[in-house]
Amino acid sequence: MAAVQRLLRASASGGAAAAAARRRMSTAVAPEQTPAAAAFPFAAAAGRARQRVAEERNVQWVFLGCPGVGKGTYASRLSRLLGVPHIATGDLVRDELASSGPLSVQLAEIVNQGKLVSDEIIINLLSKRLKKGEEQGESGFILDGFPRTVKQAEILDGVTDIDMVVNLKLREDVLVEKCLGRRICGQCGKNFNLACIDVKGENGLPPIYMAPLLPPNNCMSKLITRADDTEEVVRNRLQIYNDMSQPVEGFYRQQGKLLEFDLPGGIPESWPKLLHVLNLEDQEEMKLATA
């Protein structure tokens with residue numbers, strides 16, 4: 001954990017310390033590609049990218065967390081703060097479905113049948129996105145929603161270097177209430193949340209308050225609830241995720257890359273504390289000062 005904290009302080013500083021830390025990362029011996037990793041089309045390009053001078057790239061982080069915990073919210077905020085792309089695998093699947101690409105028909109069949117998208121398809125979509133970013137001069141990334149299995153983590157390890165894995169955690173009773181409060185405007189497509197969560201601390205658990213994210217008046221009458229946002233479905237999704245995620249958390253914990261963060265509340269309560277844990281308060285203040 002101390003090594004992770006040193007890395008975080010270095011990457012946040014942006015000065016000589018950051019450059020030195022990145023140089024140490026670049027001169028470390030890169031792990032050999034696994035056979036599974038080598039089978040994917042971006043493995044060779046990723047291998048070349050590993051050899052780039054470390055100062056040329058930004059952070060390469062992964063965000064883990066249960067469905068509804070807010071991975072996308074915090075990953076996108078950090079993406080804007082650090083100037084790195086936020087890559088959500090769910091968005092990649094939706095974008096491919098909406099396209100006329102070669103995978104769109106196959107993906108539509110998988111999604112309509114309620115099946116899990118295979119590792120190969122996810123890796124190929126991620127491959128295409130990383131290649132496009134590299135061609136456009138992007139540096140670093142924050143992955144959201146990937147990897148979900150140890151096999152995916154091993155493949156990712158074989159083709160790129162992950163600096164840190166942030167695991168967002170929230171009490172299950174709060175997660176369920178949060179998911180059941182989700183609404184989408186049928187006209188503009190924006191997401192809102194009607195739940196006002198105010199849970200008292202008990203049995204050693206801290207109190208949690210999350211204010212609702214209410215829509216403007218013109219959206220109120222157009223709100224719809226996702227068909228799968230029922231308590232039974234939400235709890236089942238959480239159980240499946242927990243069963244799948246524990247080995248992945250263990251995989252990165254063993255590497256010393258896992259940073260576990262218990263969300264203390266909504267964005268106003270959690271964002272400053274997350275920045276503190278990541279040693280990014282100065283970066284946020286500098287951005288606000290120059291805005």
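What follows is a short exchange about how terms are applied to this predicted model.

Colleague: What makes Leu116 count as exposed?

Modeller: Its relative accessibility is 71%. The cut-off for exposed is over 50%. Leu116 therefore counts as exposed. The residue lies in the loop between helix H7 (104-112) and helix H8 (119-135). With Ile240 and Met244, Leu116 forms a nonpolar patch on the surface, with about 300 Å² of accessible area together.

Colleague: Why is Arg171 called buried?

Modeller: Arg171 has 14% relative accessibility. Buried means under 20%, so Arg171 counts as buried. Its place is in the loop between strand S4 (164-169) and helix H10 (172-180).

Colleague: Which residues does Arg171 contact, leaving aside its neighbours within four places in sequence?

Modeller: Val199, Lys200, Leu205, Pro206 and Ile208. The Arg171 side chain also reaches the backbone oxygen of Pro206 at 3.3 Å. The limit for a polar contact is 3.5 Å, so this pair falls within it.

Colleague: What makes Asp91 and Arg94 a salt bridge?

Modeller: Their side chains meet at 2.7 Å, N to O. The rule asks for within 4 Å, so the pair qualifies. Both sit in helix H6 (residues 89-98), three residues apart, which means a separation of about one helical turn. Asp91 is partly exposed at 35% relative accessibility. Arg94 is exposed at 53%.

Colleague: How do you know that Lys151 and Asp119 form a salt bridge?

Modeller: The N to O distance is 3.9 Å. The cut-off is 4 Å, so the pair counts. This pair links distant parts of the chain: Lys151 is in helix H9 (residues 150-159) and Asp119 in helix H8, 32 residues apart. Asp119 is buried, with a relative accessible area of 17%.

Colleague: Asp229 and Arg226 form another salt bridge. Is Asp229 buried or exposed?

Modeller: Buried, because its 6% relative accessibility is under the 20% limit. Arg226 is partly exposed at 34%. The closest N and O atoms of the two are 3.9 Å apart.

Colleague: Why are S6 and S9 called edge strands?

Modeller: The open sheet has the order S6-S5-S9, with antiparallel pairing. Strand S6 (191-193) and strand S9 (223-224) each pair on one side only.

Colleague: What makes S5 and S9 a pair?

Modeller: Strand S5 (residues 182-185) and S9 share two bridges in the antiparallel sense. Pairing needs at least two bridges, so they count as paired. Cys185 stands opposite Leu223 in S9.

Key: Residues numbered from 1 in each chain as written. Predicted model: local features only at pLDDT ≥ 70, side-chain atom pairs only at ≥ 80, totals over all residues. Heavy atoms only, no water. Helix = DSSP H or I, 4+ residues; strand = E, 2+ residues; numbered from the N terminus. Patch = residues over 30% accessible without salt bridge, like charges linked within 9 Å, V, L, I, M, F, W, Y side chains within 5 Å. Areas by Shrake-Rupley, 256 points an atom, 1.4 Å probe, with all protein chains shown as cover. Buried < 20%, exposed > 50% of the residue type's maximum accessible area, 1.4 Å probe, protein only. Polar contact = N/O pair within 3.5 Å; in protein donor to acceptor, adjacent residues only side chain to side chain. Contact = heavy atoms within 4.5 Å.
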